[in-house]
Amino acid sequence: MSTVYIIDVESGNLRSLTNSIKHLGNYKVVYIRNHDEFEMYNEDIELLIFPGVGNFGHFVKNLDERGLMEPIKNYLATGRKLLGICVGLQCLMKSSEESRGVSGLGLLNIELSKFNKGDEQFSLKGQSKSVPHIGWSHNHRYSSPQVMATMNEPLYSIGTEDKFYFVHSYAAIIDSKVKADLLSEAEKDGWKFVFSKYGSEEFISAMSKDNFFATQFHPEKSGIAGLRVIQAFLEEKVPHTSCTNKSFVPHSGYPSRRIIACLDVRSNDDGDLVVTKGDQYDVREKSDTQSGDVRNLGKPVELATKYFEDGADEITFLNITSFRDSPLQDLPMLEVLKLAAQNIFVPLTVGGGIKDMIDPVTGEIVPALKVAELYFKSGADKVSLGSEAVTIAEEYYRNGKIKSGKSAIEQISTCFGNQAVVISVDPRRKFIKSPKDTNMQCIQIFDEEKYGPDGEEYCYYQVTSQGGRKVHEIGALELCVACEELGAGEILLNSIDHDGGNKGFNLELLKQVKESVSIPVIASSGAGAPRHFADVFEMDCGIDAALGAGMFHRGEYKVSDVKDYLRSRGMDVRFETTKV
């Protein structure tokens, strides 16, 4: 049995990486957390993986405090095998615009820079460029294409027609002659590169030299294509091409349309965890006289695995039961995540109950950051904040838009990166007679048939929390703007008015929010047919992903049906087999 050693500085989801390695063969995984552990195993290490997510400075500081910088440099000098992933690639550069004054390992004399939100390629389509770059993208060229057919090394397991999962705001962007010249010199020294594009900006997505190999994308979250990249590193051979993309299009610089399967998870009256769905958040069966049992549409892990195998680009679990009496180490959703992450190799998001908590067993006050860490360690890639985000945004406005640095959004994004924090927003349309009647940004209604019950010609979307039960004096737009400022990296935008209607997403609400924020926005609530996904992606504001729930749970449509429909409309979507 071969042993794979993983550098663990408590940065992100290592469970999925471990699961992907074990999925590929008979491997033992050992974590290295500090200098002493590295030295203890040093003579035995032949396969070392160096993953990381989050803030560049926070990550490098962690490495330094744990005494790992020099051991990693020395290991690289021996020529043994190393795979860097995401920030595990970035920290090998000289520095990053994200953390001025913090030095990386300096293998390449390049500073990482942030993607340009004002990208002309997006502007020409009337859209804003979302940052972070979250989604599935092609790697569009090699620095040395002539050797692709003959070199048997991990770099060439990255097919240019495959799609890989990226999630980052900063990159080694090649936007000047200076950087191009640096790369040219590096190539003469034996470096090889793979490049990708986000809009008009080209960046290094993978690189290798001798036995060193690193990717900006997450292979452990990139489905079967990603598993083959890890397999190539472990087995010293390039697997057969993984491309099964029946909708391959030229590399446009736009990520594929993301289709997300969402599972609302709660305990039923017998205490069993089930996937449920309701109309406007009411999840109980109805009879003529009374409410019945909680609607049971299946078991969470089984359904999630089914959606992964059918091509879902991400899976979202929303815990809609508080589990108030559960010890933190035994929260039911932790086990759901652990089991799901064993066989699902796309991003997993979990939401519900991520806030400061009191452990009912120990009485200990546990901050939201620690709760989020439990979910990350169990297999989550992102955490979703709902009711807690509303409380945080209200406090932010009360304090004159001054950041405290203490909110759950700020703390989690500082440690794990803003791409790890999703805000789930539950608004309801509120009609008003005049914009003067509120401080929220309003929408004017031009269609008389859509006026309010008393002829109101304006509305805004008022935020609710606690499953729609509590109403707040803040608009969805204002909430989203505040959360972006505080460090959220993505918005899951629901609509109580459309939930359970199966008549399509709330395009009016989506457009208003997306045009006011620069982070990705996920459309949610109301999807009942594949054409509804096309409607939202064809808007000119640039929605980044769309989520389906009931239509998948009830078996009316499969994820692949949605993707086939989008492909028929000329849209770029990800397709692949489910076998390595």
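The structure, a predicted model, holds 21 aromatic pairs, where rings of Phe, Tyr and Trp (its six-membered ring) pair if their centres lie within 6.5 Å, with planes under 30 degrees apart counted as stacked, over 60 as edge-to-face and the rest as tilted. It also holds four cavities of 30 Å³ or more. In this predicted model, local features need pLDDT of at least 70 and side-chain atom pairs count only at pLDDT 80 or more, while totals for chains, interfaces and linings use all residues. Residues are numbered from 1 along each chain as its sequence is written, and side-chain values use heavy atoms, with hydrogens and water left out.

**Aromatic pairs around Phe115**

- Phe115 and Tyr198 form an edge-to-face pair, at 5.3 Å centre to centre and 85° between the planes.
- This pair links distant parts of the chain, 83 residues apart: Phe115 lies in the loop between β6 (108-114) and α6 (120-123), and Tyr198 in strand β11 (residues 192-198). Helices (H or I, at least four residues) and strands (E, at least two) are DSSP runs, numbered from the N terminus.
- Phe115 is buried, with a relative accessible area of 3%, and Tyr198 counts as buried at 3% relative accessibility. Buried means under 20% relative accessible area, exposed over 50% and partly exposed in between (1.4 Å probe, protein chains only).
- Phe115 also pairs with Phe203: the ring centres are 5.5 Å apart and the planes at 75°, so this pair is edge-to-face.
- Phe203 counts as buried, at 0% relative accessibility.
- One aromatic cluster is formed by Phe115, Phe122, Phe164, Phe166, Tyr198, Phe203, Phe217 and Tyr254.

**Charges over rings**

- The charged end of Arg574 sits over the ring of Trp136, 3.9 Å from its centre.
- The charged end of Lys81 sits over the ring of Phe233, 4.9 Å from its centre.
- A charge sits over a ring if NZ of Lys or CZ of Arg is within 6 Å of the ring centre and within 35 degrees of the ring normal.

**Largest cavity**

- On a 1 Å grid over the protein atoms alone, a cavity is a set of points where a 1.4 Å probe fits but cannot get out, and a pocket is an open set with protein on both sides within 12 Å along at least five of seven lines; lining residues have an atom within 4 Å of a point.
- The largest cavity contains about 210 Å³ of space, a volume being the space filled by probe spheres set on the grid points.
- Its lining has 22 residues, of which Gly12, Asn13, Val53, His218 and Asp381 lie nearest the centre.
- α1 (14-24), β3 (47-52) and β9 each supply at least two residues of this lining.
- By class, the lining of the largest cavity divides into twelve nonpolar, six polar and four charged residues. Ala, Val, Leu, Ile, Met, Phe, Trp, Tyr, Cys and Pro count as nonpolar, Asp, Glu, Lys and Arg as charged, and the others, Gly among them, as polar.

**Second largest pocket**

- The second largest pocket has a volume of about 540 Å³.
- Of its 29 lining residues, Glu98, Lys114, Ser169, Asn418 and Gly487 lie nearest its centre.
- The largest share of this lining, three residues, comes from α14.
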